[in-house]
Amino acid sequence: MGDTMSLEGTASRELCDPSWPAAVLDHLDTLTAPRAALLKQRLHHQFPLLRSNLQQVYGQHAGFDAFLSAVLLQAVHSAAQRDDELWALDVAREARPAWLHDGLVGYCAYTDKFAGTLQGVAARVPYLQELGVSYLHLLPFLKAGQGANDGGFAVASFDEVEPALGSMSDLRALCRTLRGAGISLCSDFVLNHISHDHAWAQAALRGDERYIGYFHWLHSEAAVAERERHLNQVFPGTAPGNFTWVPERQAWAWTTFYPYQWDLNYANPAVFADMAAAMLNLANHGVESFRLDSTGYLWKREGTDCLNQPEIHHLLQALRCLCAIAAPAVVLKAEAIMPTRELPPYFGLGPVQGPECHVAYHSSLMAAAWLSLSEGDASAVHEVLRNTPDLPEGCAWLSYVRCHDDIGWNVLRPELAALGSDPGERLAQASRFFAGQAPGSRARGAAFQASDTRAVHGTNGMTLALAGLPADGDGSPEAALAQMHLLYALAFFVGGLPLIYMGDELGQDNVAQAELSARQGPDGRELHRPWLDEAALAQRHDPASMAGRCFAMLSGLVRQRRAQLPQGAPIQLRALDSGRPSVLVLQRPQALGVFNFGASPVPLDLAALNLGLTEPALTLAPHEALWLRLPDTRADQPDRAEQAQA
Ligand code: GLC
């Protein structure tokens, strides 16, 4: 037996590359033959990429070779520990990267607000299946800092679940249950910062040199002022500035977000190694996707706004390599709330070329759709889509209407400037509109972080409230429902991964004022972070109820997308000239999407589009959205969206 092992070892060494670290070669020898063989194939492909990406960032460090070897060994260990079910998933997804185009539908929720605990989420799987969900993003559920923690985005431990939500074994069990139901679990992975309660921050506070080096420290007011001159502010209202005085260190920590969220120093290779280990550990618990939070902020460069720096892409591509070695089933999703033109690099389509994230939020599309709604004019969304590239196989846009954050308006500045308008004025107008402060607006949102009414930042509110649903059922909901349908029909038409935000499917309204006052912290985003309405949930099959209408609308769009929009390949999208300012017309293979952002009916000349449609003209109702079939040769009768007819 011993002989056989050593013979296998010797034979298998022949398939190895001598440049692989010795410790990795030794470890490969301990694996079963099939796993070792597959891992070697992955290493042949991934190791050169990993090495070159890490070299770009850390090549100058004296201990680079040891660091590279440790990072790689960690990934190989992780792969070795992967359970059989996850290993099989890896193999399946590796063999068919196009699996990502099989018509995923996402759902995003807070664990506590959706179902109390992770075990509660497992109990709601049938509900998610009924809605048609195949991807579940649970907002941060890892152990968070004490007190205010930015909705869990101040992580105190990557290896523990927040005790009130469950345990790591609950997480493992939930992932397995979800997988069995065809649903991938997505977890936030907050790369940019950690809570000041995290063990690394605590060690730094105690003066531990190793961990002091995990953060960015500034030592004078002048240095802070010089940095601030170039930086933006994420929370100017509730957390002004980007630095926080830490008395224990007699220095300022870099804190882009809240003062208790300390930015990590990725110039330190140990930070990268520890974060990669934390991510692979979660992947081995069964997390299938990571929402890489605030990726645009990861690298600091003096004299710049410290956004979207090239090193970020080397780091993300290195993370992708590690996943490709240790957990190829994993989907990396960039949360880079940046203008459209800044997004392709997060797919590895920028100056730093190579596989990077599989998915990225398209926040410009989301914000532009709301802006267009407020203006009754589709130009903003048309311009954003004109600048949105089609993506290669294995990459997809995440499209959405609402999420737990505000609608950040500033991402639209480049597009609005290109349209020849004054971005500040147009965005401030949108902000007033959704706060219900513009003529004709029935919206019930609120401006976010706006200290002065001319300064534009973001808008908070649930979809229907922003769409002007009359409060307390006092008036007709039809106009608001049509607008909600328009926005979701657009997200489902455009994105490879459309996302439903919890509560929208039940027609939930803003969080009530009394509850807002009772919630911890002054953050205006609480307005759209409701608890799941159990009564509405119970009514979801009643077509006369608001919950029933919204549930039918969104589950209907899921079905209709499956039936009408061909899946299985990346989406190729073309924005056409509709000849009508309020109407957006989009073409995908075999389908046409028509979206009226105006509040008035509008006739549309389909023949003028030269697509061979025999239906010469139609009249779109206010805020109507239609998906029409475009048969290859023969014109078909347009099929109106089920919900639009309802
Ligand atoms: C992301 C999250 C947001 C959070 C911020 C800081 O943008 O979506 O909710 O406040 O990161 O972690």
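1. Is Cys 323 buried or exposed? Cys 323 is buried, and its relative accessible area is 4%. Please keep in mind throughout that this is a predicted model.

2. On the cysteines, the count of disulfides comes to zero. A disulfide is a covalent bond between the sulfur atoms of two cysteines. For Cys 323, the closest cysteine sulfur belongs to Cys 321 and lies 9.4 Å away, which is too far for a bond because the sulfur atoms would have to be within 2.5 Å. Cys 550 is in no disulfide either, with the nearest cysteine sulfur, in Cys 108, 17 Å away. Cys 550 is also buried, at a relative accessible area of 0%.

3. Eight strands form a closed barrel in the order 1-2-5-11-12-13-14-18, and the pairing is parallel. On average, and with direction ignored, neighbouring strands of this sheet are turned by 25° against each other.

4. Strand 16 pairs with strand 17 (residues 458-460) over three bridges, in the antiparallel sense. Asn 460 in strand 17 is the bridge partner of Ala 446.

5. Helix 15 contributes Leu 365, Ala 369, Trp 370 and Leu 373 to the contact, while helix 20 contributes Gln 483, Leu 486, Leu 487, Leu 490 and Val 494. Sorted by type, the contact residues are eight nonpolar, one polar and no charged.

6. Helix 16 (residues 379-386) has Ala 380, Val 381, Glu 383, Val 384 and Leu 385 as its buried residues. What do the buried residues of helix 16 pack against? Their partners are helix 15 (363-375), helix 17 (413-418), helix 18 (423-434), helix 20 (478-494) and strand 20 (583-588).

7. Most residues other than glycine have a negative phi. Cys 306, though, has a positive phi, near 60°; this residue sits in the loop between strand 11 and helix 14 (310-326) and is buried, with a relative accessible area of 3%. Gln 590 also has a positive phi, near 65°. Gln 590 lies in the loop between strand 20 and strand 21 (591-596) and is partly exposed, at 41% relative accessible area.

8. Lastly, a loop residue: Ala 239, between helix 12 (221-228) and strand 8 (243-246). Ala 239 counts as buried, with 6% relative accessibility. Apart from neighbours within four places in sequence, Ala 239 is in contact with Gln 233, Phe 257, Tyr 258 and Pro 259. Ala 239 and Ser 169, which are 70 residues apart in sequence, are 36 Å apart from C-alpha to C-alpha.

How values were computed: Residues are numbered from 1 along each chain as its sequence is written. This is a predicted model: local features need pLDDT of at least 70, side-chain atom pairs count only at pLDDT 80 or more; totals for chains, interfaces and linings use all residues. Side-chain values use heavy atoms; hydrogens and water are left out. Two strands pair if DSSP finds at least two bridges between them. Helices (H or I, at least four residues) and strands (E, at least two) are DSSP runs, numbered from the N terminus. Buried means under 20% relative accessible area, exposed over 50%, partly exposed in between (1.4 Å probe, protein chains only). Contact means heavy atoms within 4.5 Å. Ala, Val, Leu, Ile, Met, Phe, Trp, Tyr, Cys and Pro count as nonpolar, Asp, Glu, Lys and Arg as charged, and the others, Gly among them, as polar. Axes are lines fitted to C-alpha atoms, for helices over the stretch in contact, and angles run from 0 to 180 degrees between N-to-C directions.
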